[in-house]
Amino acid sequence: MNGRGFTLIEVVVTLAIIGLLASMAAPLGETLVRRGKEQELRASLYQLRDAIDAYKRAADAGRIEKSATASGYPPSLQVLVDGVRDVRSAKGARLYFLRRIPRDPFADARREPDEQWGLRSYASPASDPREGEDVFDVYSLARGKGLNGIAYREW
């Protein structure tokens, strides 16, 4: 009688090889997901910082009304989306710096985007960022370090 099928040893060896390949692929998959989130975090930080800088340039150019003692940085992230009146426009046009506040990919998705970021005022040092009257910089509130070994808060 000629048996057509697999022996128990062949099945066990095949399952062992599949298990080994799966155990090697799982960490790689996690690293790819994390790298994607880190790229999204970099892009979000770039967008926010670029908008803050554009607001400051507009304030320094006299296009945004500010007091003599103000730093020229936006008072909040929401101002970048809501826009401000262009004082040089006779028609009362508004200047907009962001379409929406980007999300921090490592933050709790149930929080509003403007609550996901740490804010640093112009008056606070980089080593001890604190909120204040304006938004000079933003940083991630996520704990942990990136694949590059630098804490997310320091990006």
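Predicted model: local features only at pLDDT ≥ 70, side-chain atom pairs only at ≥ 80, totals over all residues.

Two strands are said to pair if DSSP finds at least two bridges between them.

**Stop 1: strands 3 and 4**

Select strand 3 together with strand 4, residues 137-140. The two pair in the antiparallel sense, over four bridges. To locate one of the partners, highlight W117, whose bridge partner in strand 4 is S140. In a regular strand the side chains alternate between the two faces of the sheet. Now display the side chains of strand 3: W117 and L119 lie on one side, G118 and R120 on the other, and all four are buried, so both faces of the strand are covered.

**Stop 2: helix 1**

Next, select residues 8-60, which form helix 1. This helix has 53 residues, and the distance from its first C-alpha to its last is 78 Å, close to the 78 Å expected at 1.5 Å a residue. Colour its buried positions, among them E38, L41, L45, L48, I52, Y55 and A59. What covers the buried residues of helix 1 includes helix 2, strand 1 (84-85), strand 2 (94-95), strand 3 and strand 4. Just after the helix, select G62, which takes a positive phi of about 85°.

**Stop 3: the largest nonpolar core**

Which residues have the most contacts inside the largest nonpolar core? They are I64, L77, L80, F97 and V138, within a core of 26 residues. Helix 1, helix 2 (77-82) and strand 3 (117-120) are the elements that give two or more residues to this core. The largest share, eight residues, comes from helix 1. Centre the view on I64: leaving aside its neighbours within four places in sequence, I64 is in contact with Y55, A58, A59, V84, R85, V87, L95 and F97.

**Stop 4: an aromatic cluster**

Select Y73, Y122 and F136, which ring pairs link into a cluster. A search of the whole structure finds six aromatic pairs. The rings of Y73 and Y122 are stacked, because their centres are 5.6 Å apart and their planes stand at 25°. This pair links distant parts of the chain, with Y73 in the loop between helix 1 and helix 2 and Y122 in the loop between strand 3 and strand 4, 49 residues apart. Y73 and F136 form an edge-to-face pair, 4.9 Å centre to centre with 90° between the planes. F136 lies in the loop between strand 3 and strand 4, so its pairing with Y73 ties together parts that are 63 residues apart in sequence. Y73 is buried, at a relative accessible area of 15%, whereas F136 counts as partly exposed at 24%.

**Stop 5: salt bridges**

The whole structure contains eight salt bridges. Select R49 and D137, whose closest N and O atoms are 2.8 Å apart.

D86 sits in the loop between strand 1 and strand 2, and R63 in the loop between helix 1 and helix 2. Is D86 buried or exposed? D86 is buried, with a relative accessible area of 6%, while R63 is partly exposed at 30%.

Finally, select K56, D60 and K66, which salt bridges with shared partners join into one network. Between K66 and D60 the closest N and O atoms are 3.8 Å apart.

Methods
Residues numbered from 1 in each chain as written. Heavy atoms only, no water. Core = buried A, V, L, I, M, F, W, Y, C linked by side-chain atoms within 4.5 Å. Buried < 20%, exposed > 50% of the residue type's maximum accessible area, 1.4 Å probe, protein only. Contact = heavy atoms within 4.5 Å. Phe/Tyr/Trp six-rings, centres within 6.5 Å; stacked < 30°, edge-to-face > 60°. Expected span 1.5 Å × (residues − 1). Salt bridge = Lys/Arg side-chain N within 4 Å of Asp/Glu carboxyl O.
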